Amino acid sequence: MRARNEVLQRKRALTPLLVSVLFVCLLFVYYGSFFRPRLQRASGGHENGIDDAAMGRYSRKLGSNGEEEDEDQNKGLPIISDEDVKDGNAEDETRLVNEDFFAGEISESIPKSFPVCDSRLSELIPCLDRNLIYQLKLKLNLGVMEHYERHCPPPERRFNCLIPPPPGYKVPIRWPASRDEVWKVNIPHTHLAEEKSDQNWMVVNEDKINFPGGGTHFHYGADKYIAALAKMLKFPHESLNNNGKIRTVLDVGCGVASFGAYLLPLDIVAMSLAPNDVHQNQIQFALERGIPATLGVLGTMRLPYPSRSFEFAHCSRCRIDWLQRDGILLLELDRLLKPGGYFAYSSPEAYMKDEEDLQIWNAMSNLVKRMCWKIASKRDQTVIWVKPLTNSCYLKRAPDTKPPLCSPNDDPDSVWQVPMKACITPYTDQMHHAKGSGLVPWPKRLTTPPPRLEDLNVGEEEFKKDTAVWHQRVKYYLEQMKPKIGNDAFRNIMDLRANLGGFAAALIDKDVWVMNVVPVNASNTLKVIYDRGLMGTVHDWCESFSTYPRTYDLLHAWTLFSDIYEKGCSVEDLLLEMDRILRPTGFVIIRDKPSMIKYITNYLPVLKWDSWKLIVNSESDPLSSDDETILFAQKQLWIPDESQ
């Protein structure tokens, strides 16, 4: 009996030990490594209408154009549980990964694969996801378009997975042919063709979607409409660029951006802006066509552009109530227009004679008069207002006139998540006395130091040096990539840390356009970028960018990853975001510290950025404070494996 009891006691003692060992083994198998970066699952499991059962399919293996892979490479990673995320284990794990990176112990920190998102997330825009708004039960004012503004998921609700292309995805048609046609399979949405069939927005033609150049207000072609605007303003040669004096345009409620497309031959670049509203995918079509465009809305927050960015603003049947909230939306346009800038407004209120339209027209005319705008021209269905060149009219207004002038303490160039203000932004003393922006016509303005350099404490010689350095850098980039690219390899390019816009300026002779992104924690150089005749936006790279997946051919990041790490944000999250917006077969150029490049290089197979890669040491130049290494990589055209 005693021996039997001893046996039982030994069994009881061994049982917890065996359970503990088994638990540790399961953990090791589950994570692959203790230090593997977090891959979080959205708690609740219903984002974008996908239930918990569908979440299990996120860990499908990646395909790779039929190329063979190791068996381990094809196995999807499990998703960390909600309990792990709530306990903070995932955040601790990410921090350990980054610490390992700086210690040089990186081999065990890289996952063997990232899970693939469900196919229903192929068009996911994380910070413009209406399903997220419903799930978080955000109380938003629909009347002022808050539901179309940015609302980013908290870390525990992020989809940390690779966004798959739609079934049958093809390499996009190259520019300039893409202006007029795209593959239907890449954006399989034809409702706009049906809804706008009488307005020539787009036409479905077998396996392609064609764009005749029409719009709600210009059924017979944007080119004819643009020429009519120039004729109304009596510009030389009936060209809207006005001998290079008009270069940057804001097109509000742009549709599929045909207005912006037909400005390009005139050496005019337009920021085509529209929300992800009932006309879903309009901006996606614009970017697929190779036309500068972005998602955004005139709602409650300032648009992410500094004051005095545009020479011309345009709204054609854009369905915006300009009179709401004391004219705050029109005052936002006023903030963005340069001295002497124009606003072309094509809408029924400008020409209809019924009582309702007349009331709107009279109220709008009264508002712009108090804003010191004047009618430059009015014909048929279109009116063009012009903004004053100086502060003189503002100073002559009667006391207590509304809208008031903005407070001297208000920074009109502070725009990231800053509420709009119902006030007039006066000019600086320099602009007031210069009676304008002081900019030379295009194309000379690209390389001529603009007056607002003084705001940044940047001298003319420093500006010229920056321009020269980037010219040499871009020349070197293209030489290194020459074996892999043709003349039409790029159209849509993004510079993720643009500084003064030197990278984009060096590409001006190429048939490309560049979205210059200035990080929110960097010096506010975006005003200089616009003064050079380029375009861009402000953004926080700890969050997702406001664009559709697969919209850029080339991403350039200069020391951005080091900045992100210093800010305490995830390097892995930024890599996944870059992958989301990069087109299949697209390229990345990452220039950073050698240790950071070494770390990122280990992720190339995981991200499927290993179709081609090249790592070179950069030569020292006046812009490099430390040694830098340059990574070139190309993304595969991979297809999700539906079998898992």
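Tutor: Start with Ser 307, which touches Arg 335, Pro 412, Asp 413 and Arg 452 when residues up to four places away in sequence are not counted; contact means heavy atoms within 4.5 Å. This is a predicted model, in which local features need pLDDT of at least 70 and side-chain atom pairs count only at pLDDT 80 or more, while totals for chains, interfaces and linings use all residues. Residues are numbered from 1 along each chain as its sequence is written, and side-chain values use heavy atoms, with hydrogens and water left out.

Student: Why is Ser 307 called buried?

Tutor: Buried means under 20% relative accessible area, exposed over 50%, and partly exposed in between (1.4 Å probe, protein chains only). Ser 307 has 0% relative accessibility, so it counts as buried. Ser 307 is found in the loop between strand S6 (293-295) and strand S7 (310-316); helices (H or I, at least four residues) and strands (E, at least two) are DSSP runs, numbered from the N terminus.

Student: What makes a polar contact of the side chains of Ser 307 and Asp 413?

Tutor: The term requires a pair of N or O atoms within 3.5 Å; within protein, one must be able to donate a hydrogen and the other to accept it, and residues adjacent in sequence count only if both atoms are side-chain atoms. The contact between the side chains of Ser 307 and Asp 413 is at 2.6 Å.

Student: How do you know that Cys 117 and Cys 161 form a disulfide?

Tutor: A disulfide is a pair of cysteine sulfur atoms within 2.5 Å, and the sulfur atoms of Cys 117 and Cys 161 are 2.0 Å apart. Cys 117 lies in the loop between helix H5 (89-103) and helix H6 (130-136), and Cys 161 in the loop between H6 and strand S1 (181-183), so the pair ties together parts 44 residues apart in sequence. The structure holds five disulfides.

Student: Why is the disulfide of Cys 372 and Cys 393 called left-handed?

Tutor: The torsion about the S-S bond of Cys 372 and Cys 393 is about -85 degrees, so the disulfide is left-handed. By contrast, the link of Cys 117 and Cys 161, with 95 degrees about the S-S bond, is right-handed.

Student: Are Cys 372 and Cys 393 buried or partly exposed?

Tutor: Cys 372 has a relative accessible area of 5% and is buried. Cys 393, with 32%, is partly exposed.

Student: Which residues have the most contacts inside the largest nonpolar core?

Tutor: They are Trp 322 and Phe 343, in a core of 146 residues. A nonpolar core is a set of buried Ala, Val, Leu, Ile, Met, Phe, Trp, Tyr and Cys residues joined through side-chain atoms within 4.5 Å. Leaving aside neighbours within four places in sequence, the contacts of Phe 343 include Trp 322, Leu 333, Met 364 and Trp 385.

Student: What makes strands S8 and S10 a pair?

Tutor: Two strands pair if DSSP finds at least two bridges between them. Strand S8 (residues 337-346) and S10 have five bridges, in the antiparallel sense. In S10, Trp 385 is the bridge partner of Phe 343.

Student: Why is strand S10 described as mostly covered?

Tutor: Four of the five residues of S10 (residues 382-386) are buried. S10 also pairs with S9 in the antiparallel sense, over five bridges.
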